[in-house]
Amino acid sequence: MPMVIFCDRQGGREHYGSLLRLMFEDWNLEVVQEIEGDCDYRLHRNGNAVRLIFREKAEVQCLPVALASMLSKYLREALMQRFNAFWAAHLPQLNPTAGYYTDGLRFADIEIKRRELAIERS
């Protein structure tokens, strides 16, 4: 019986075949289906098989995906609180960030202080 990995669809991505080919170049990839909101793949190598399912709203259909989503959101919030506390200690006037892309664009405000603190950009 193959291992099954059930994933929530990421952002606007609709197909994962090309990414899976890059990530698992030593495996044979079988595209079972790629339709709107539902992609199903199988990877095969040396008698082993892995099934990867990507679905829109996977958390509604799969409890482990829902739990992973909740845990990820909780951890993100906790880490962002620490991140914001660190920068607030150095730049009290800085508005906190939730860590999203558009919110992060204004975080260029930390650039001068980042260099002063010798924090690598990476």
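This is a predicted model: local features need pLDDT of at least 70, side-chain atom pairs count only at pLDDT 80 or more; totals for chains, interfaces and linings use all residues.
View A. Residues are numbered from 1 along each chain as its sequence is written, and side-chain values use heavy atoms, with hydrogens and water left out. Eight bridges hold β3 and β4 together, and the two strands run antiparallel. Strands here are DSSP runs of E with at least two residues, helices are runs of H or I with at least four, and both are numbered from the N terminus; two strands pair if DSSP finds at least two bridges between them. Two residues sit between β3 and β4 in their hairpin, and N46 in the turn has a positive phi of about 50 degrees.

**View B. A second hairpin links β2 and β3.** Look for the antiparallel pairing of β2 with β3 (residues 38-45), made by seven bridges. I35 finds its bridge partner in D38 of β3. This hairpin also has two residues between its strands, and G37 takes a positive phi near 80 degrees.

**View C. Zooming out, the four strands make an open sheet.** Follow the order β1-β4-β3-β2, and you will see that the pairing is mixed. At the edges are β1 (3-8) and β2 (28-35), each of which pairs on one side only. From one strand to the next the twist averages 15 degrees, with axes taken as lines fitted to C-alpha atoms (for helices over the stretch in contact) and angles running from 0 to 180 degrees between N-to-C directions. The parallel part is the pairing of β1 with β4 (residues 48-55), joined by six bridges. Within it, M3 has V50 of β4 as its bridge partner.

**View D. W87 meets two phenylalanine rings, F83 and F86.** The structure holds four aromatic pairs. The ring centres of F83 and W87 are 6.4 Å apart and their planes stand at 65 degrees, so this pair is edge-to-face. Rings of Phe, Tyr and Trp (its six-membered ring) pair if their centres lie within 6.5 Å, and planes under 30 degrees apart count as stacked, over 60 as edge-to-face and the rest as tilted. Both F83 and W87 belong to helix α3, four residues apart, or about one turn of the helix. F86 and W87 are also edge-to-face, because their centres are 5.0 Å apart and their planes at 85 degrees. W87 is buried, with a relative accessible area of 4%, whereas F83 is partly exposed at 33% and F86 is partly exposed at 35%. Here buried means under 20% relative accessible area, exposed over 50%, and partly exposed in between (1.4 Å probe, protein chains only).

**View E. Three aromatic residues gather in one cluster.** Its members are Y16, Y41 and F54.

View F. Helices α3 (63-90) and α5 (111-116) each supply at least two lining residues, and α3 gives the most, with three.
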